[in-house]
Amino acid sequence: MATPTLRDLIDLPEVWERVEVVEQRLFEVSAADDPFLTEITQHLLVAGGKRFRPLLAQLAGEFGPTRDHRLVDAGVAVELIHVGSLYHDDVIDEAETRRGTRSVNTKWGNSQAILAGDFLIARASELAAETLGLETVKLLARTYTDLVEGQALELHLTGDLMHGPADHYRVIEGKTASLIRTAARMGAIAADAPARFVEALSTITWELGMVFQLTDDALDLVATEEQIGKPAGSDIRQGVYTLPVLHALEGPSGPRISELLAGGIPFSDRTVDTVIGLVREGGYVDSMLDECVRRLEVASVAIGSLPDIKARSVLQTMGSFLVDRVHYAGR
(Lines give C-alpha, C1' and ligand atoms only; values in the text may rest on other atoms or scores of the structure.)
Protein backbone atom coordinates (compact mmCIF):
# COMPACT_ATOMS: atom_id res chain seq x y z
CA MET A 1 0.00 0.00 0.00
CA ALA A 2 1.36 3.42 -0.96
CA THR A 3 1.96 5.98 1.77
CA PRO A 4 -0.94 8.48 1.79
CA THR A 5 -0.18 12.09 0.93
CA LEU A 6 -1.60 15.44 1.98
CA ARG A 7 -3.39 15.52 -1.37
CA ASP A 8 -5.18 12.34 -0.40
CA LEU A 9 -6.09 13.81 2.97
CA ILE A 10 -7.31 17.24 1.89
CA ASP A 11 -10.18 17.03 -0.59
CA LEU A 12 -10.70 20.79 -0.80
CA PRO A 13 -10.05 22.05 -4.34
CA GLU A 14 -10.32 25.71 -3.30
CA VAL A 15 -7.53 25.22 -0.76
CA TRP A 16 -5.22 23.66 -3.33
CA GLU A 17 -6.04 26.40 -5.82
CA ARG A 18 -4.85 28.99 -3.30
CA VAL A 19 -1.74 26.93 -2.57
CA GLU A 20 -0.94 27.06 -6.29
CA VAL A 21 -1.31 30.84 -6.22
CA VAL A 22 0.99 30.91 -3.17
CA GLU A 23 3.55 28.98 -5.23
CA GLN A 24 3.44 31.57 -8.00
CA ARG A 25 3.54 34.45 -5.57
CA LEU A 26 6.59 33.00 -3.80
CA PHE A 27 8.64 33.47 -6.94
CA GLU A 28 7.33 37.00 -7.46
CA VAL A 29 8.14 38.13 -3.94
CA SER A 30 11.52 36.38 -3.72
CA ALA A 31 12.86 38.01 -6.89
CA ALA A 32 15.67 40.51 -6.30
CA ASP A 33 16.91 43.32 -8.52
CA ASP A 34 20.12 41.35 -9.03
CA PRO A 35 19.56 38.18 -11.15
CA PHE A 36 22.36 36.35 -9.31
CA LEU A 37 20.74 36.96 -5.92
CA THR A 38 17.40 35.87 -7.38
CA GLU A 39 18.94 32.59 -8.50
CA ILE A 40 20.20 31.95 -5.00
CA THR A 41 17.05 33.02 -3.14
CA GLN A 42 14.88 30.85 -5.37
CA HIS A 43 17.14 27.79 -5.32
CA LEU A 44 15.15 25.92 -2.67
CA LEU A 45 11.84 27.19 -3.99
CA VAL A 46 12.65 25.56 -7.32
CA ALA A 47 13.59 22.37 -5.47
CA GLY A 48 10.02 22.21 -4.14
CA GLY A 49 8.80 21.12 -0.72
CA LYS A 50 5.63 20.10 1.08
CA ARG A 51 4.50 23.72 1.60
CA PHE A 52 2.95 22.47 4.84
CA ARG A 53 2.85 25.90 6.47
CA PRO A 54 1.16 27.75 3.57
CA LEU A 55 -1.27 24.85 3.36
CA LEU A 56 -2.19 25.28 7.02
CA ALA A 57 -2.70 28.99 6.42
CA GLN A 58 -5.17 28.20 3.65
CA LEU A 59 -6.99 25.61 5.77
CA ALA A 60 -7.29 28.08 8.63
CA GLY A 61 -8.66 30.62 6.18
CA GLU A 62 -11.65 28.36 5.61
CA PHE A 63 -12.95 29.41 9.04
CA GLY A 64 -13.27 33.08 8.05
CA PRO A 65 -15.65 34.81 5.65
CA THR A 66 -13.07 36.64 3.51
CA ARG A 67 -11.12 35.27 0.53
CA ASP A 68 -8.78 37.89 -0.88
CA HIS A 69 -5.08 38.46 -1.55
CA ARG A 70 -4.31 38.60 2.16
CA LEU A 71 -4.92 34.88 2.62
CA VAL A 72 -2.45 34.01 -0.12
CA ASP A 73 0.08 36.51 1.19
CA ALA A 74 -0.19 34.98 4.67
CA GLY A 75 0.91 31.66 3.18
CA VAL A 76 3.70 33.34 1.23
CA ALA A 77 5.06 35.18 4.27
CA VAL A 78 5.29 32.11 6.50
CA GLU A 79 6.95 30.06 3.77
CA LEU A 80 9.54 32.80 3.15
CA ILE A 81 10.38 32.78 6.86
CA HIS A 82 10.63 28.99 6.79
CA VAL A 83 12.84 28.79 3.69
CA GLY A 84 15.04 31.67 4.87
CA SER A 85 15.60 29.87 8.16
CA LEU A 86 16.53 26.68 6.25
CA TYR A 87 19.31 28.58 4.44
CA HIS A 88 20.69 29.61 7.82
CA ASP A 89 20.25 26.10 9.27
CA ASP A 90 22.24 24.57 6.43
CA VAL A 91 25.14 26.93 7.09
CA ILE A 92 25.08 26.07 10.79
CA ASP A 93 24.81 22.31 10.11
CA GLU A 94 27.28 22.41 7.20
CA ALA A 95 24.63 20.54 5.22
CA GLU A 96 25.51 19.47 1.71
CA THR A 97 22.01 18.75 0.40
CA ARG A 98 18.49 19.99 0.94
CA ARG A 99 15.31 18.76 -0.74
CA GLY A 100 17.24 16.46 -3.02
CA THR A 101 19.58 19.11 -4.39
CA ARG A 102 22.81 20.82 -3.38
CA SER A 103 22.38 23.21 -0.49
CA VAL A 104 22.94 26.90 -1.15
CA ASN A 105 25.95 27.02 1.18
CA THR A 106 27.58 24.13 -0.70
CA LYS A 107 26.88 25.59 -4.13
CA TRP A 108 27.61 29.27 -3.50
CA GLY A 109 29.22 29.48 -0.07
CA ASN A 110 28.15 30.36 3.47
CA SER A 111 28.12 34.13 2.96
CA GLN A 112 25.74 33.94 0.02
CA ALA A 113 23.49 31.49 1.85
CA ILE A 114 23.27 33.77 4.90
CA LEU A 115 22.52 36.82 2.77
CA ALA A 116 19.90 34.95 0.75
CA GLY A 117 18.22 33.76 3.94
CA ASP A 118 18.26 37.32 5.29
CA PHE A 119 16.70 38.56 2.05
CA LEU A 120 13.83 36.08 2.19
CA ILE A 121 13.07 36.85 5.82
CA ALA A 122 13.17 40.59 5.09
CA ARG A 123 10.80 40.14 2.15
CA ALA A 124 8.39 38.25 4.41
CA SER A 125 8.35 41.19 6.82
CA GLU A 126 7.94 43.68 3.98
CA LEU A 127 5.04 41.71 2.51
CA ALA A 128 3.32 41.49 5.89
CA ALA A 129 3.71 45.23 6.42
CA GLU A 130 2.31 46.01 2.97
CA THR A 131 -0.74 43.75 2.96
CA LEU A 132 -1.37 42.01 6.29
CA GLY A 133 -1.24 44.70 8.95
CA LEU A 134 0.62 45.51 12.13
CA GLU A 135 -0.73 42.57 14.16
CA THR A 136 0.73 40.12 11.65
CA VAL A 137 4.04 41.98 11.42
CA LYS A 138 4.39 41.68 15.20
CA LEU A 139 3.39 38.01 15.07
CA LEU A 140 6.02 37.21 12.43
CA ALA A 141 8.71 39.08 14.36
CA ARG A 142 7.86 37.26 17.58
CA THR A 143 7.84 33.93 15.78
CA TYR A 144 11.21 34.53 14.19
CA THR A 145 12.57 35.37 17.62
CA ASP A 146 11.27 31.97 18.78
CA LEU A 147 12.96 30.28 15.82
CA VAL A 148 16.30 31.89 16.60
CA GLU A 149 16.06 31.04 20.30
CA GLY A 150 15.21 27.43 19.46
CA GLN A 151 18.13 27.15 17.05
CA ALA A 152 20.53 28.76 19.52
CA LEU A 153 19.48 26.34 22.26
CA GLU A 154 19.88 23.37 19.94
CA LEU A 155 23.41 24.50 19.08
CA HIS A 156 24.21 24.87 22.76
CA LEU A 157 22.96 21.34 23.46
CA THR A 158 24.63 19.66 20.48
CA GLY A 159 26.72 16.73 21.62
CA ASP A 160 25.61 17.16 25.24
CA LEU A 161 24.54 13.88 26.82
CA MET A 162 23.58 15.48 30.13
CA HIS A 163 20.56 17.57 29.13
CA GLY A 164 17.12 16.07 29.50
CA PRO A 165 13.86 15.97 27.53
CA ALA A 166 12.68 19.36 28.86
CA ASP A 167 15.42 21.15 26.95
CA HIS A 168 14.55 19.35 23.74
CA TYR A 169 10.91 20.36 24.12
CA ARG A 170 12.07 23.98 24.25
CA VAL A 171 14.02 23.46 21.03
CA ILE A 172 11.15 22.00 19.04
CA GLU A 173 8.66 24.51 20.44
CA GLY A 174 10.83 27.33 19.12
CA LYS A 175 12.11 25.80 15.89
CA THR A 176 8.96 24.06 14.65
CA ALA A 177 5.71 24.46 16.58
CA SER A 178 5.89 28.25 16.76
CA LEU A 179 5.90 28.80 12.97
CA ILE A 180 3.27 26.14 12.31
CA ARG A 181 0.97 27.80 14.82
CA THR A 182 1.73 31.20 13.30
CA ALA A 183 0.87 29.92 9.82
CA ALA A 184 -2.64 28.97 10.91
CA ARG A 185 -3.09 32.10 13.01
CA MET A 186 -2.09 34.33 10.10
CA GLY A 187 -4.42 32.52 7.72
CA ALA A 188 -7.36 32.85 10.09
CA ILE A 189 -6.66 36.54 10.73
CA ALA A 190 -6.28 37.22 6.98
CA ALA A 191 -9.68 35.62 6.39
CA ASP A 192 -11.28 37.75 9.14
CA ALA A 193 -12.14 34.69 11.24
CA PRO A 194 -13.76 35.38 14.65
CA ALA A 195 -11.29 35.70 17.51
CA ARG A 196 -12.53 32.49 19.17
CA PHE A 197 -11.74 30.54 15.99
CA VAL A 198 -8.29 32.14 15.75
CA GLU A 199 -7.53 31.00 19.29
CA ALA A 200 -8.89 27.49 18.72
CA LEU A 201 -6.80 27.14 15.54
CA SER A 202 -3.74 28.35 17.46
CA THR A 203 -4.23 25.61 20.05
CA ILE A 204 -4.81 22.96 17.41
CA THR A 205 -1.80 23.83 15.29
CA TRP A 206 0.52 24.19 18.27
CA GLU A 207 -0.19 20.55 19.08
CA LEU A 208 0.03 19.58 15.40
CA GLY A 209 3.35 21.42 15.18
CA MET A 210 4.72 19.48 18.12
CA VAL A 211 3.47 16.22 16.61
CA PHE A 212 4.96 17.20 13.24
CA GLN A 213 8.42 17.50 14.80
CA LEU A 214 8.11 14.53 17.13
CA THR A 215 7.14 12.28 14.24
CA ASP A 216 9.99 13.71 12.16
CA ASP A 217 12.31 12.75 15.01
CA ALA A 218 10.82 9.26 15.00
CA LEU A 219 11.25 8.93 11.24
CA ASP A 220 14.96 9.62 11.68
CA LEU A 221 15.10 6.44 13.77
CA VAL A 222 12.80 4.10 11.82
CA ALA A 223 12.82 5.16 8.15
CA THR A 224 15.26 4.34 5.38
CA GLU A 225 17.33 6.87 3.46
CA GLU A 226 15.11 6.26 0.45
CA GLN A 227 12.03 7.18 2.46
CA ILE A 228 13.30 10.39 4.09
CA GLY A 229 16.07 11.49 1.71
CA LYS A 230 18.87 11.32 4.29
CA PRO A 231 20.71 8.55 6.17
CA ALA A 232 18.96 7.03 9.17
CA GLY A 233 20.18 8.51 12.42
CA SER A 234 21.15 11.85 10.88
CA ASP A 235 20.25 13.65 14.10
CA ILE A 236 22.54 11.39 16.13
CA ARG A 237 25.33 11.86 13.59
CA GLN A 238 25.08 15.63 14.17
CA GLY A 239 25.04 15.26 17.95
CA VAL A 240 21.37 16.22 18.15
CA TYR A 241 19.67 13.87 20.61
CA THR A 242 15.91 13.77 20.22
CA LEU A 243 13.36 12.59 22.77
CA PRO A 244 13.61 8.83 22.17
CA VAL A 245 17.38 8.97 22.62
CA LEU A 246 17.13 11.23 25.68
CA HIS A 247 14.58 8.94 27.32
CA ALA A 248 16.72 5.92 26.46
CA LEU A 249 19.67 7.60 28.17
CA GLU A 250 17.57 7.68 31.35
CA GLY A 251 16.60 4.00 31.04
CA PRO A 252 18.34 0.63 31.49
CA SER A 253 20.26 0.98 28.23
CA GLY A 254 21.47 4.47 29.17
CA PRO A 255 24.99 3.49 30.30
CA ARG A 256 25.63 1.58 27.06
CA ILE A 257 24.33 4.45 24.91
CA SER A 258 26.41 6.96 26.87
CA GLU A 259 29.47 4.78 26.32
CA LEU A 260 28.79 4.61 22.59
CA LEU A 261 28.31 8.35 22.23
CA ALA A 262 30.98 9.48 24.68
CA GLY A 263 33.62 9.68 21.95
CA GLY A 264 31.76 12.53 20.28
CA ILE A 265 31.27 13.47 16.65
CA PRO A 266 31.92 11.96 14.13
CA PHE A 267 30.24 8.67 14.95
CA SER A 268 30.77 5.54 12.92
CA ASP A 269 27.85 3.95 11.08
CA ARG A 270 28.13 1.00 13.45
CA THR A 271 27.81 3.26 16.51
CA VAL A 272 24.76 5.04 15.11
CA ASP A 273 23.09 1.77 14.10
CA THR A 274 23.73 0.29 17.55
CA VAL A 275 22.24 3.32 19.31
CA ILE A 276 19.20 3.25 17.04
CA GLY A 277 18.74 -0.44 17.80
CA LEU A 278 18.88 0.13 21.56
CA VAL A 279 16.42 3.01 21.37
CA ARG A 280 13.94 1.06 19.27
CA GLU A 281 14.27 -2.12 21.31
CA GLY A 282 13.59 -0.15 24.48
CA GLY A 283 10.23 1.01 23.09
CA TYR A 284 11.14 4.69 23.22
CA VAL A 285 9.92 5.46 19.69
CA ASP A 286 6.58 3.86 20.52
CA SER A 287 6.39 5.86 23.75
CA MET A 288 6.89 9.07 21.82
CA LEU A 289 4.12 8.12 19.40
CA ASP A 290 1.87 7.55 22.42
CA GLU A 291 2.66 11.10 23.48
CA CYS A 292 1.68 12.29 20.01
CA VAL A 293 -1.69 10.63 20.42
CA ARG A 294 -2.19 12.42 23.75
CA ARG A 295 -1.35 15.74 22.12
CA LEU A 296 -3.85 15.05 19.36
CA GLU A 297 -6.52 14.51 22.00
CA VAL A 298 -5.86 18.07 23.24
CA ALA A 299 -6.14 19.33 19.66
CA SER A 300 -9.36 17.38 19.20
CA VAL A 301 -11.05 19.25 22.05
CA ALA A 302 -10.25 22.58 20.37
CA ILE A 303 -11.35 21.22 16.99
CA GLY A 304 -14.74 20.52 18.52
CA SER A 305 -15.25 24.26 19.06
CA LEU A 306 -14.95 25.01 15.33
CA PRO A 307 -17.87 25.04 12.87
CA ASP A 308 -18.68 21.74 11.19
CA ILE A 309 -17.13 22.30 7.75
CA LYS A 310 -14.79 20.16 5.63
CA ALA A 311 -11.70 21.93 6.92
CA ARG A 312 -12.55 20.86 10.46
CA SER A 313 -12.61 17.21 9.41
CA VAL A 314 -9.23 17.67 7.73
CA LEU A 315 -7.71 19.07 10.92
CA GLN A 316 -9.16 16.13 12.84
CA THR A 317 -7.46 13.60 10.57
CA MET A 318 -4.21 15.49 9.97
CA GLY A 319 -2.68 14.41 13.26
CA SER A 320 -3.36 10.76 12.48
CA PHE A 321 -1.74 11.32 9.09
CA LEU A 322 1.44 12.57 10.77
CA VAL A 323 1.60 9.61 13.14
CA ASP A 324 0.72 7.09 10.44
CA ARG A 325 3.67 8.16 8.28
CA VAL A 326 5.94 6.75 11.01
CA HIS A 327 4.04 3.46 11.00
CA TYR A 328 4.30 3.24 7.21
CA ALA A 329 8.04 3.98 7.33
CA GLY A 330 8.65 1.43 10.05
CA ARG A 331 7.12 -1.46 8.13
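1. In this predicted model, the axes of helix 9 (residues 134–157) and helix 10 (residues 165–190) come within 8 Å and cross at roughly 160°. Axes are lines fitted to C-alpha atoms, for helices over the stretch in contact, with angles running from 0 to 180 degrees between N-to-C directions. Helices (H or I, at least four residues) are DSSP runs numbered from the N terminus. The two helices are therefore roughly antiparallel (angles over 145 degrees).

2. Residues of helix 9 that meet helix 10 include Leu-139, Leu-140, Asp-146 and Leu-157, and their counterparts in helix 10 include Arg-170, Val-171, Lys-175 and Ile-189; contact means heavy atoms within 4.5 Å. By class, this contact comprises nine nonpolar, seven polar and seven charged residues, with Asp, Glu, Lys and Arg counted as charged, Ala, Val, Leu, Ile, Met, Phe, Trp, Tyr, Cys and Pro as nonpolar, and the others, Gly among them, as polar.

3. Helix 5 (residues 52–61) is largely enclosed by the rest of the structure, because ten of its ten residues are buried (under 20% relative accessible area, 1.4 Å probe, protein chains only). Among them are Phe-52, Arg-53 and Gln-58.

4. The 13 residues of helix 16 (residues 269–281) should span 18 Å at 1.5 Å a residue, which agrees with end C-alpha atoms 18 Å apart; the expected span is 1.5 Å times one less than the number of residues. Its buried residues, including Val-272 and Ile-276, pack against helices 11, 13, 14, 15 and 17. Just after helix 16, Gly-283 takes a positive phi of about 80°.

5. Local features need pLDDT of at least 70 and side-chain atom pairs pLDDT 80 or more, whereas totals for chains, interfaces and linings use all residues. Residues are numbered from 1 along each chain as its sequence is written, and side-chain values use heavy atoms, leaving out hydrogens and water.

Notes:
Buried means under 20% relative accessible area, exposed over 50%, partly exposed in between (1.4 Å probe, protein chains only). Angles under 35 degrees count as roughly parallel, over 145 as roughly antiparallel, 65 to 115 as roughly perpendicular and the rest as oblique.
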